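Biologist: Could you take me through the labels attached to this model, and set each one against its definition?

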Amino acid sequence: MAGNVHEIRPKPSDSEKITINLGFVDLGQVDLMVQEGFYSNRTDFIRTAIRNQLERHADVVKQSTARKSLDLGLRNYSREDLEAARLAGEMLHINVLGLATIAQDVTPELARATIASVSVLGALHASPAVKSALADRTR
């Protein structure tokens, strides 16, 4: 039975992996906080520190988001969305703070015909072919 189960649509990750370099003293202090039970692991400490900084600067982020007309959070562009834009003779300007997803069934030709520019602060999920087709329109 397990051999008959197929994933129809892969679930997109809700996070992006990053790598940071820390000095030995800073890393030792993080490890001490973990050892003392303040955090469950290094990742927990780093996530908490990042969230605290983002909360501290929330007003600046909110103002910049409004000024730059950014969609905040998750923004999905389906094949149907792009086909509707093409029929209406419109070109889309994708401006996202968070995650922008262009559906896997979108062809590079449809993407180029309907997307004028792409600016994503966060992550862009699209097929390699669509990303390549939009490379000259991506900031």
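This is a predicted model: local features need pLDDT of at least 70, side-chain atom pairs count only at pLDDT 80 or more; totals for chains, interfaces and linings use all residues.

Modeller: Happy to; where would you like to begin?

Biologist: Why is R42 called partly exposed?

Modeller: The relative accessible area of R42 is 41%. Buried means under 20%, exposed means over 50%, and partly exposed is what lies in between (1.4 Å probe, protein chains only). Residues are numbered from 1 along each chain as its sequence is written, and side-chain values use heavy atoms, with hydrogens and water left out.

Biologist: What makes the pair D31 and R42 a salt bridge?

Modeller: A salt bridge needs a side-chain nitrogen of Lys or Arg within 4 Å of a carboxyl oxygen of Asp or Glu. In D31 and R42 the closest N and O atoms are 2.7 Å apart, so the pair qualifies. The two residues belong to distant parts of the chain, eleven residues apart: D31 is in helix 1 and R42 in helix 2 (residues 42-56). Helices here are DSSP runs of H or I with at least four residues, strands are runs of E with at least two, and both are numbered from the N terminus. D31 is also partly exposed, at 30%.

Biologist: Which residues does the network around R79 join?

Modeller: Let me build it up pair by pair. E83 and R79 form a salt bridge at 3.2 Å, N to O. Both sit in helix 4 (residues 79-88), four residues apart, about one turn of the helix. D105 and R79 form another, at 3.0 Å. D105 is in the loop between strand 2 and helix 5 (108-114), so its pairing with R79 in helix 4 ties together parts that are 26 residues apart in sequence. Through shared partners, salt bridges join R79, E80, E83 and D105 into one network. Across the whole structure, the search finds six salt bridges.

Biologist: What makes N95 a buried residue?

Modeller: The relative accessible area of N95 is 17%, which is under the limit for buried, so the label applies. N95 lies in strand 2 (residues 92-102). Apart from neighbours within four places in sequence, N95 is in contact (heavy atoms within 4.5 Å) with S69, L70, D71, S119 and R139.

Biologist: What stands out about S69?

Modeller: Its phi is near 50 degrees, a positive value in a residue other than glycine. Most residues other than glycine have a negative phi. S69 is in the loop between helix 3 and strand 1 (71-77), and at 54% it counts as exposed.

Biologist: Which residues make up the nonpolar patch?

Modeller: I18, I20, L22, I50 and L54, with about 460 Å² of accessible area together. A patch takes residues with over 30% relative accessible area and no salt bridge; nonpolar side chains (Val, Leu, Ile, Met, Phe, Trp, Tyr) are joined within 5 Å, like charges within 9 Å. Areas come from the Shrake-Rupley method with a 1.4 Å probe, and for residues only the protein chains shown count as cover. I18 lies in the segment before helix 1 (24-35) and, at 59%, is exposed.

Biologist: How do you know that the protein is more spread out than a compact globule?

Modeller: The protein has six helices and three strands. Its radius of gyration is 20 Å, well over the 14 Å that the globule rule gives for 139 residues, so it is more spread out than a compact globule. The radius is taken over C-alpha atoms, and the rule is 2.2 Å times the number of residues to the power 0.38. Those C-alpha atoms fill a box of roughly 60 × 55 × 20 Å along the principal axes.

Biologist: And how confident is the predictor, by mean pLDDT?

Modeller: pLDDT is the predictor's confidence in each residue, from 0 to 100. Its mean is 91, and 91% of residues reach 70 or more.
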